[in-house]
Amino acid sequence: MLRLLMLFLMLMLFAAPAPAAALTEEELARLLPDGYSLGQKEKTVPAWPLIKAGMVAGYIFETGSLTSIPGFSGTPMNLLVAMDDAGRFLDVQILSQHEPVFVDGLGPQPFADFLTQYRGLTIRQNIKIGSQYGASDRAGSSSVTLDGVAKATASLRIANLTILGAATKVAQAKMAALAPKPKSIPRPDMDQIRGWDSLVASGYVRRLTLTNAMVEQAFQGTPFAGLDAAGLADTQGIFIDLWVAYLNVPTIGRSLLGEAQYAQVMDRLQPGEEVLLVLSSGRYSYTGPDFVPATVPDRLAVSQAGFPVNIRDMVHDYVLPAGLPAVDEVRLFRIDGSAAFDPASPWTLSLRTVREKGLILPDRQMRDFTLNYTLPASLFTDPVIVEAPPEWLLAWGSRLPELAILGLLLLALTAGLIAQTRLSRRERQFYWTRMGFLAATLGFIGIQAQGQLSIVTVQGVVKGAVNGMNFSFLLYDPVSLLLWAYVAVTAIIWGRGTFCGWLCPFGALQEFADALGRLLRLRRIRVPGWLDQRLVLVKYAVLSLLLVTALVLPGEAEKAAEVEPFKTAITLGFIRDLPFVLYAGFWLLLGLVMFKPFCRYLCPLGAFLALAGRLRLLDWIPRRPACGSPCQLCTSRCRYKAIRRDGSIRYDECFQCLDCVGIYADKGRCVPLVVAARHGEGAAARIQPRKGSGHHAA
């Protein structure tokens, strides 16, 4: 039966779903931003001009016709993007999406609400996705962090990449002036050491000096004039004396940092990153009293060609070389490699001064003072395009702590499984060790790290195989990808049980439900052996149905995958519509009186891993001649019913709980060992391990 099922699924891989139809002109016209009309569709790029006052004022386009990045269901999302002729987003709307968390989980509304944050942003900004608690950077910054949606950060990263990728293609085709300009590269041979006076005279170091009178003059005619008593007492005194220099050019960086310090700073920069040195003395701090190291300063800003360029404190313990003027404050600031910044083109440093009036709810007014900075073209080679790091790489960087903890858990589990005989020999101690690990699986992997694996990923891979082998969506959820990699390896070594018995958060929840039922001494439901053998086949039928749905009706695949209660119980923590909560709760309530019923009988992911486990290299559970004949202890104790009456193992149904391994090694529990101890050498000879039994050396 299983061979026929697998053959059927392989044949179904040749069926491809029909692509979604593009919007008609009439449908598109109904979705235009207010004040715009629709022009004739472009021939060079799949975009429609936005007409305002009789002129082209922007473009509207579907991302599905420009980018094809699959989401977690394996199907690319299609979004409608409206952008003006300055590269500013007017609106972003959902046309179609199949992200599991936004289908029947949270629903599409949180996704739609998230997309409203793009309004007013530009393609020249470095747009990133934060957690649901992350605040966006200040208005006008070139680095903007959008507020995310709980449980959906990975899906939103894919959406962000889809939007920016499509918008950039339109900008390159129709608004070339807005596309990021190539970066000039500092010449390595321009490395002559210069003194401070020479650097200043050459314009390599620029200065902004403000007296108290100059700052006071900027606030004249406002309610904030005359608030600086110290400045009024010394009008010609220095408010701030500020110096700035671009350090990537060797002759500037080596002169201001020294050889060793310059090499150290350059080693810390990622490809494409720039670094600025800012020195100051005087009454005013260019960072301010509330500045947090490693963040963007409130009082300093860099812009180029009218576009903001994000700078961030580098947290470097800078040591002033000899020959530099005495200063009160010195910091290095990093410019992100993805910023549209050309060091050979003119740019501007702005210093913001702030005055406040009032105590409880103070009024505030600001004045900016600018310093222009330009370096000669002779310091640079021909520009090259430096691409921003891929979005998936940012996802991995943002989750390094979780990945580190998960890695430690997986190493601990691997060590335990290698030494499984020693680990499981002491029954009570092993029970609490296992419960502790399952608690970590539920609490950390499931709830905290959102690492509950799902059949939806398998459906996505199947769709990706049909639609050109694009599996890039897997990269956007590093925790799940690491788990999938580990499960793939361990399935080949030990079978499906490593995941199902140790790493599945919902499986852990079912096991805790069973423990609670036993603690409450609830009457158990016993499934007869003949019925159990038939029920375990149901999950394979469910698996085949879900994969066929993914191929034939891809738009319905995520709804069909709701047969898994994982999203409700783990991903969304039961914060969901009542029918889904009742469904997930049913399996947990049933788990109080029946051992892991969903896992054993209905789980399509378990069925998939059981099929994958047929590639298993080891029959790793040791057996003796007396196992099954006459001893039936392990058979009767196995709650998964994975041990036949003849003592052989049904590895497809084994969850690697290690109970039978512990019994095998325990002289006080293993019946053949107890008999051997009582009746001597003759009995011992009859209970030696079977040949080819897969006895584990540990």
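In strand β16, Leu-349 is the bridge partner of Val-302. This pair belongs to the 4 bridges that join strand β12 (residues 300-304) to strand β16 (residues 347-357), two strands that run antiparallel. Strands pair if DSSP finds at least two bridges between them; strands (E, at least two residues) and helices (H or I, at least four) are DSSP runs, numbered from the N terminus. The model is predicted, so local features need pLDDT of at least 70 and side-chain atom pairs count only at pLDDT 80 or more, whereas totals for chains, interfaces and linings use all residues. Residues are numbered from 1 along each chain as its sequence is written, and side-chain values use heavy atoms, with hydrogens and water left out.

**Strand pairing around β16**

- Strand β16 is also joined to strand β17 (residues 363-373), by 11 bridges in an antiparallel arrangement.
- Lys-357 has Asp-363 as its bridge partner in β17.
- The hairpin of β16 and β17 has 5 residues between the strands, and Gly-358 takes a positive phi near 110 degrees there.

**The open sheet of 5 strands**

- An open sheet with antiparallel pairing holds 5 strands in the order β1-β2-β3-β4-β5.
- β1 (37-38) and β5 (89-96) stand at the edges with a single partner strand each, so one side of each has no neighbour in the sheet.
- Strand β4 (residues 78-84) runs antiparallel to β5, and 6 bridges join the two.
- Asn-78 stands opposite Ser-96 in β5.
- In a regular strand, side chains alternate between the two faces of the sheet.

**Chain totals**

- The protein chain contains 29 helices and 18 strands.
- Of its 698 residues, 52% are buried, where buried means under 20% relative accessible area, exposed over 50% and partly exposed in between (1.4 Å probe, protein chains only).
- Among contacts (heavy atoms within 4.5 Å) with a separation of 6 or more, residues 24 or more positions apart account for 72%.

**Packing of α9 and α10**

- Helix α9 (residues 250-257) packs against helix α10 (residues 259-268) at an angle of about 120 degrees, and their axes are 7 Å apart. Axes are lines fitted to C-alpha atoms, for helices over the stretch in contact, and angles run from 0 to 180 degrees between N-to-C directions.
- The two helices, α9 and α10, are therefore oblique to each other; angles under 35 degrees count as roughly parallel, over 145 as roughly antiparallel, 65 to 115 as roughly perpendicular and the rest as oblique.
- The crossing of α9 past α10 is right-handed, a term used if the near helix is turned clockwise from the far one by less than a right angle, with anticlockwise giving left-handed.
- On the α9 side, Pro-250, Gly-253, Arg-254 and Leu-257 make the contact, and on the α10 side Glu-259, Gln-261, Tyr-262 and Val-265 do.
- The residues of this contact divide into 4 nonpolar, 2 polar and 2 charged; Ala, Val, Leu, Ile, Met, Phe, Trp, Tyr, Cys and Pro count as nonpolar, Asp, Glu, Lys and Arg as charged, and the others, Gly among them, as polar.

**Backbone geometry in loops**

- Gln-450 has a positive phi of about 55 degrees although it is not a glycine. Gln-450 lies in the loop between α14 (427-448) and α15 (455-466) and is buried, with a relative accessible area of 18%.
- Lys-596, likewise not a glycine, has a positive phi of about 45 degrees. The loop between α23 (578-591) and α24 (597-601) holds Lys-596, which counts as buried at 1% relative accessibility.
- A cis peptide bond, with omega near 10 degrees, links Ser-629 to Pro-630. Pro-630 is placed in the loop between α25 (604-612) and α26 (633-637).

**Burial and surroundings of selected sites**

- Helix α25 is mostly covered, with 7 of its 9 residues buried: Pro-604, Leu-605, Gly-606, Ala-607, Leu-609, Ala-610 and Leu-611.
- Thr-549, in helix α20 (residues 538-552), counts as buried at 13% relative accessibility. Neighbours within four places in sequence aside, Thr-549 is in contact with Pro-554, Glu-556, Ala-557 and Ala-560.
- Lys-667 is found in the loop between α27 (659-665) and α28 (671-679) and counts as exposed, at 68% relative accessibility.
- Not counting residues up to four places away in sequence, Lys-667 touches Leu-673 and Val-674.
- The C-alpha atoms of Lys-667 and Ala-677 are separated by 8.3 Å, and the two residues are 10 residues apart along the chain.
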